[in-house]
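Please walk me through this structure, element by element. Start with the helices and strands, then turn to the aromatic rings.

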There are 2 protein chains.
Amino acid sequence: MKFVVDQQVEDIEMPENLKLNTFLQEFHSDCTHPECGFGFYGFAFGQSPFPVPRLIQEALIKNANKGEYAAVPGIPELRNAISKYNKHYFGMDVSPDRIYVGPGTKELIFNLLEILHGTVILPTPAWLGYLPQIRFLKKNYHMLPTRANKKIAPNDLRRLALRLQDRQKILILNNPHNPTGLLYNRLELEEIADVCRDLNITVISDEIYAQTTYDFTKFTSMGKIYPEGTFVTNGLSKSHAAGGYRLGYVIFPQHATDLRAQFKKILATEYTAVSTPIQHAAIPGFEISHEMDEYFEITRNIHKIMGEYTYHQLTAIDGIKATKPEATFYLLADFNAYAPELQKAKITTSQKLSEAFIVHPYHTAIVGGDSLVLERTDFSARIAYVDYDGAMVYQKYRDCKPKTHSERTEFVTQNAPKIVAGLGMIEKFFGALKKDAVDELLLLKNSVKIPN
Amino acid sequence: MKFVVDQQVEDIEMPENLKLNTFLQEFHSDCTHPECGFGFYGFAFGQSPFPVPRLIQEALIKNANKGEYAAVPGIPELRNAISKYNKHYFGMDVSPDRIYVGPGTKELIFNLLEILHGTVILPTPAWLGYLPQIRFLKKNYHMLPTRANKKIAPNDLRRLALRLQDRQKILILNNPHNPTGLLYNRLELEEIADVCRDLNITVISDEIYAQTTYDFTKFTSMGKIYPEGTFVTNGLSKSHAAGGYRLGYVIFPQHATDLRAQFKKILATEYTAVSTPIQHAAIPGFEISHEMDEYFEITRNIHKIMGEYTYHQLTAIDGIKATKPEATFYLLADFNAYAPELQKAKITTSQKLSEAFIVHPYHTAIVGGDSLVLERTDFSARIAYVDYDGAMVYQKYRDCKPKTHSERTEFVTQNAPKIVAGLGMIEKFFGALKKDAVDELLLLKNSVKIPN
């Protein structure tokens with residue numbers, strides 16, 4: 001039997017992170033080099049390496065017997081906890097009524113894009129999950145390329161929005177930002193909010209990395225700056241190292257009562273509610289406690305140490321630039337200074353660069369610029385610095401906090417050898433490239449191909 | 001700020017079961033009768049009353065630490081277990097590759113409707129979840145009303161499909177059937193499959209109640225009869241009393257390899273994967289064990305006892321007909337013989353009948369025909385017979401299995417007093433209606449209204 005698939009399904013591509021991860025899982029046994037016993041240095045997959053907080057695990061254990069369906073917007077205890085969490089950490093007064101729980105921020109953003117009419121404005125570079133959603137939903141969209149500082153330029157936003165005919169425009173703001181690791185400060189958010197107010201732009205502010213902000217006092221939520229027009233999304237995945245639990249939430253704009261009723265219908269139509277035991281487990285993750293507070297502090301400090309090391313090692317390589325991360329566990333590396341050499345080596349796109357990096361002897365997994373909604377020929381890449389044993393590193397940090405620059409470097413070299421070695425491979429790769437070791441690279445490049 | 005909502009979102013209604021449940025939760029305090037200390041007799045919400053099986057709870061407890069993202073189609077151990085489960089219980093050889101796990105059968109059916117082009121054929125009466133999905137996705141659809149026996153008539157299916165212009169037609173088959181509790185036997189499925197083969201009709205066979213079939217030897221999966229054209233969905237929600245866990249699966253048709261790749265993209269785009277601890281928890285629920293086998297047997301036997309009692313009590317009331325359930329925990333009651341009296345009492349639709357039943361002194365919650373995709377003036381209703389303490393009743397049954405008809409009646413009257421009393425209320429309602437107690441009914445009817 002032949003099946004007919006809807007056209008927009010055919011047109012979208014697999015989200016690149018999952019495509020790459022599938023590829024990497026299958027890659028090891030495919031390595032063509034004899035006696036190669038090594039998988040790869042993982043700079044590609046953006047997953048927090050730490051254990052799920054003890055309080056959350058214990059709450060899941062206690063609630064394993066909860067087999068009944070939960071209320072569509074989430075159980076009241078959880079919505080209350082999230083409300084208090086937002087007050088305590090982000091200084092926002094959000095009544096629990098404005099909070100809806102969903103099976104991950106990804107699905108909640110998808111649901112928002114389903115119900116909100118209008119044209120989407122997507123600043124680039126961007127997280128690799130937004131574009132497949134926008135395409136699948138056949139929404140009108142426009143890219144908003146950022147400039148040298150990699151942040152939305154309010155005037156560019158204004159110019160673009162003025163050109164759009166749609167009654168409603170939806171800006172996807174991601175703060176702190178994946179893949180750059182950059183943070184929008186209060187003033188920058190206010191300037192963006194001014195444009196949004198003027199031109200009736202709705203904001204979906206994906207703040208899943210909020211809690212990872214290295215200097216936490218610097219984080220400001222767009223929900224505070226532009227409460228009447230912002231949907232804030234956040235969840236367990238990054239700050240609580242529980243991406244696999246699948247629990248996120250969205251805060252609705254002030255006064256959007258009717259919209260919440262519409263949203264509830266969609267959740268009820270598509271998935272009923274989030275897993276009940278998982279909702280109960282999440283409660284202590286959002287409640288204020290010394291233990292969670294310490295967890296957030298330790299994990300963000302470790303991310304900061306790894307980020308600083310990665311940034312310094314990369315930018316020490318001749319010609320390589322990178323964003324200096326202020327949050328998340330990513331930075332955006334810029335290899336465009338090597339464009340002539342790369343082209344000489346027949347590496348003409350960022351996808352081909354990813355392929356060249358993954359093969360023996362480099363074994364280094366990165367997410368190329370085309371997956372970050374950059375031009376295919378933009379030799380930028382997202383470097384995630386989480387390839388270490390999170391449980392061990394957490395304990396080590398807790399036992400003895402590195403204080404000086406040299407202690408922090410020592411902390412990385414001792415505890416994150418794959419990050420150190422992987423960065424070494426990046427240096428080696430570009431060293432070989434400079435030495436016109438083109439033949440060797442070509443040979444390697446042809447031995448493997450990331451599937452589309 | 002005013003938000004613009006997509007038109008199809010405005011057009012769909014809240015799935016009726018969730019709407020009703022929300023209403024019922026809020027109803028108690030609203031009861032206008034002084035000194036009324038009672039909520040309602042719950043014939044409306046279709047949730048298994050039993051505890052989540054011990055093996056599943058224990059597996060969830062053991063896997064609370066699994067914070068990492070799972071593979072998009074499900075973890076291999078779970079897909080293997082589901083494959084063996086289908087072999088053991090349903091006699092189907094399904095390779096794990098053909099099995100995709102999702103956050104509930106509801107979302108998987110939604111995802112199938114998203115990717116499959118074509119016109120949907122929806123036999124009626126139907127589960128209240130399909131239509132909002134079909135409408136939201138703006139799919140073409142046609143009802144296929146069943147005849148007196150409440151089952152799809154193959155010739156009617158053929159006639160309808162011949163009229164449809166679409167390249168692909170999708171039949172939604174629900175077997176065992178919600179709301180009728182009826183089971184399609186092998187011959188009936190073969191006749192339907194013949195039409196489907198002839199006219200290139202794809203089948204989504206929602207078999208979530210398969211394991212509840214009272215005489216389990218009688219259940220046949222459409223996946224066995226029409227393997228090349230059937231998507232079979234099933235999950236934990238009904239047979240494992242874990243609707244709140246949110247885990248279902250779909251078996252793809254034979255040879256639909258490309259379609260699986262398309263489907264995987266959609267899952268990755270919308271929700272990444274099902275909660276990892278929940279997936280691990282589900283494994284022993286699908287593995288073959290004496291304990292699960294006993295659980296299935298006891299729970300289906302209790303459903304059978306409650307169903308037989310409910311059927312006999314209802315049909316003993318003058319003029320009331322009902323389907324005789326062979327599976328599930330529902331039957332479809334037909335009150336149309338009272339249409340003249342109901343109309344005299346200004347109860348002109350099934351929605352109004354539901355409202356009249358819920359008020360004091362009847363306090364009886366049913367799902368009216370309009371929510372089952374029947375005509376608004378069809379006085380039919382779904383009666384779910386699960387309003388009892390599942391843990392207690394399970395233990396009682398296990399300790400001493402009722403053998404004779406009178407022991408089974410005794411079992412219900414002793415252990416399910418709310419079912420007994422609720423059925424008494426239905427009898428009382430129609431008794432009052434017959435006695436022309438129209439004024440009283442009118443008065444009650446106006447005191448409460450289920451929100452739209």
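Helices here are DSSP runs of H or I with at least four residues, numbered from the N terminus. The model is a predicted one. By that numbering, B:Leu157 is found in helix α7 of chain B, residues 154-163. Is B:Leu157 buried or exposed? Its relative accessibility is 0%, so B:Leu157 counts as buried. Buried means under 20% relative accessible area. Setting aside neighbours within four places in sequence, B:Leu157 is in contact with B:Ile121, B:Leu144, B:Ile152, B:Leu171, B:Ile192, B:Val195, B:Cys196 and B:Ile201. B:Arg408 is another matter. It is 251 residues from B:Leu157 along the chain, and the two C-alpha atoms are separated by 39 Å.

Now take helix α7 of chain A, residues 154-163. Here A:Asp156, A:Leu157, A:Leu160 and A:Ala161 are buried. They share one side of α7(A) because they cover an arc of only 125° around the axis. An α-helix has 3.6 residues a turn, so residues three or four places apart point the same way. The other side of α7(A) carries exposed residues: A:Asn155, A:Arg159, A:Leu162 and A:Arg163. What do the buried residues of α7(A) pack against? Their partners are β3 (119-124), β4 (141-145), β5 (169-174), α8 (186-199) and β6 (201-206) of chain A.

Follow β6(A) next. It is mostly covered, with 6 of its 6 residues buried. Both faces are covered. One side has A:Ile201, A:Val203 and A:Ser205, and the other has A:Thr202, A:Ile204 and A:Asp206. β6(A) pairs with β5(A) in the parallel sense, over 6 bridges. Within this pairing, A:Leu173 stands opposite A:Ser205 in β6(A).

Chain A also has an open sheet of 4 strands, in the order β9-β10-β13-β12, with antiparallel pairing. Its edge strands are β9 (321-322) and β12 (367-368), each pairing on one side only. β9(A) and β10(A), the latter spanning residues 330-334, run antiparallel and are joined by 2 bridges. The bridge partner of A:Lys321 in β10(A) is A:Asp334. Helix α12 of chain A, residues 290-316, lies across β9, β10 and β13 (380-384). Its angle to β10(A) is about 5°.

Turn to the rings. The structure holds 65 aromatic pairs over all chains. One of them joins A:Tyr100 and A:Phe263: the centres are 5.9 Å apart and the planes stand at 70°, so the pair is edge-to-face. This pair links distant parts of the chain. A:Tyr100 is in strand β2 (residues 99-102) of chain A, while A:Phe263 is in helix α10 (residues 257-270) of chain A, 163 residues apart. Both A:Tyr100 and A:Phe263 are buried.

B:Phe357 belongs to helix α14 (residues 350-358) of chain B and B:Phe430 to helix α17 (residues 417-434) of chain B, 73 residues apart. Both phenylalanines, B:Phe357 and B:Phe430, are buried.

Ring pairs also build a cluster in chain A; among its members are A:Phe50, A:Tyr85, A:Phe216, A:Tyr295 and A:Tyr394.

Finally, look at charges over rings. The charged end of A:Arg79 sits over the ring of A:Tyr100, 5.3 Å from its centre. A:Lys151 lies over the face of A:Tyr184, at 5.6 Å from the ring centre.

Terms used
Residues numbered from 1 in each chain as written. Chains lettered and ligands numbered in written order. Predicted model: local features only at pLDDT ≥ 70, side-chain atom pairs only at ≥ 80, totals over all residues. Heavy atoms only, no water. Pairing = 2+ DSSP bridges. Contact = heavy atoms within 4.5 Å. Axes fitted to C-alpha atoms, helices over the stretch in contact; angles between N-to-C directions. Phe/Tyr/Trp six-rings, centres within 6.5 Å; stacked < 30°, edge-to-face > 60°. Buried < 20%, exposed > 50% of the residue type's maximum accessible area, 1.4 Å probe, protein only. Lys NZ or Arg CZ within 6 Å of the ring centre and 35° of its normal. Arc of directions from axis to C-beta.
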